[in-house]
Amino acid sequence: MEVWETKPEFISTVLHDLKKGFGLLHQREGIHLTDCLLCLRKAYFDKVDSLPPSEEELLYHLLGLGLQSTFHSSLGATTIERNGVLLNPDFVSEKGTPVELKTTRISRKRLDSHDFPEHWIRQLMGYCYALGVKEGDLLILTLIHPELINYHIVFGAEELSRNWGSILDQAERLKSALEKRTPPDGSYDWQCEGCRYRLRCQVEKGGQKNVLSEKN
């Protein structure tokens with residue numbers, strides 16, 4: 001038996017169809033909660049001069065979107081607007097509390113120590129604030145050893161209000177950048193490694209350094 005790795009054309013076709021089927025080739029209208037949680041520069045480029053997701057980004061998207069589509073088919077999703085920000089909880093429980101679905105390679109040990117990624121918590125807090133509740137759930141599918149784990153989280157009124165204020169600040173920065181057609185500063189360097197806009201940002205930063213050198 002002979003075996004070797006190849007990448008036939010049909011793989012590219014399948015990946016393109018998946019991007020199209022999940023709406024990853026379309027720009028989202030309006031400013032969404034998730035635009036305000038991480039790098040504003042990436043959110044800006046996604047809206048005004050977007051590039052298609054890389055293959056790695058697409059595969060990560062598919063893991064999450066596959067889980068979401070399965071749950072949405074039976075539980076449904078919803079859209080909320082609060083202070084001009086659009087929010088899309090994965091679904092809302094019968095009690096009116098938000099449930100956010102996540103897929104992750106984070107270990108069960110870390111999850112059980114409640115060491116969640118900050119933007120997961122801020123996202124859930126944003127949904128809670130918009131729905132006028134103080135509690136919600138993280139429903140997590142772990143990938144290394146598949147388990148479906150749910151964590152119920154209760155927040156304080158002050159931390160919900162403080163988080164929402166931060167989200168509105170970010171939304172205003174993004175709105176201003178879009179109006180001026182000027183990319184905002186990025187602020188999450190850990191995102192850069194796999195970002196589709198990394199080269200664009202590197203070129204722009206290089207140009208800025210050259211300008212500064214000429215002035216000096």
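The model on display is predicted.

**Stop 1: Lys47 and Asp35**

The structure holds ten salt bridges. Side chains of opposite charge can pair when their charged atoms come close. To begin, select Lys47 and Asp35, which form a salt bridge whose closest N and O atoms are 3.0 Å apart. Lys47 belongs to helix α2 (residues 40-48), while Asp35 sits in the loop between α1 (9-21) and α2, so this pair ties together parts that are twelve residues apart in sequence. Is Lys47 buried or exposed? Lys47 counts as buried, because its relative accessibility is 13% and the cut-off for buried is under 20%. Asp35 is buried as well, with a relative accessible area of 10%.

**Stop 2: Asp46 and Lys42**

Remain on helix α2 and select Asp46 together with Lys42; both residues lie in this helix, four residues apart, which is about one turn of the helix. Their side chains meet in a salt bridge, at 3.3 Å from N to O.

**Stop 3: Glu147 and Arg108**

Next, select Glu147 and Arg108, a salt bridge in which the closest N and O atoms are 2.9 Å apart. Glu147 lies in strand β6 (residues 147-154) and Arg108 in helix α4 (residues 108-112), so the pair ties together parts that are 39 residues apart in sequence. Glu147 counts as partly exposed, at 27% relative accessibility. Arg108 is also partly exposed, with a relative accessible area of 34%.

**Stop 4: Helices α5 and α6**

Finally, display helix α5 (residues 118-131) and helix α6 (residues 157-180), which pack with their axes 9 Å apart. How are α5 and α6 oriented to each other? The angle between them is about 105°, and α5 and α6 are therefore roughly perpendicular to each other.

To view the contact itself, select Arg122, Met125, Gly126, Cys128 and Tyr129 in α5. These residues meet Glu159, Leu160, Ser161, Asn163, Trp164, Ser166 and Ile167 in α6. Coloured by class, the contact of α5 with α6 has six nonpolar, four polar and two charged residues.

Technical notes. Residues numbered from 1 in each chain as written. Predicted model: local features only at pLDDT ≥ 70, side-chain atom pairs only at ≥ 80, totals over all residues. Heavy atoms only, no water. Salt bridge = Lys/Arg side-chain N within 4 Å of Asp/Glu carboxyl O. Helix = DSSP H or I, 4+ residues; strand = E, 2+ residues; numbered from the N terminus. Buried < 20%, exposed > 50% of the residue type's maximum accessible area, 1.4 Å probe, protein only. Axes fitted to C-alpha atoms, helices over the stretch in contact; angles between N-to-C directions. Parallel < 35°, antiparallel > 145°, perpendicular 65-115°, else oblique. Contact = heavy atoms within 4.5 Å. Nonpolar A, V, L, I, M, F, W, Y, C, P; charged D, E, K, R; others polar.
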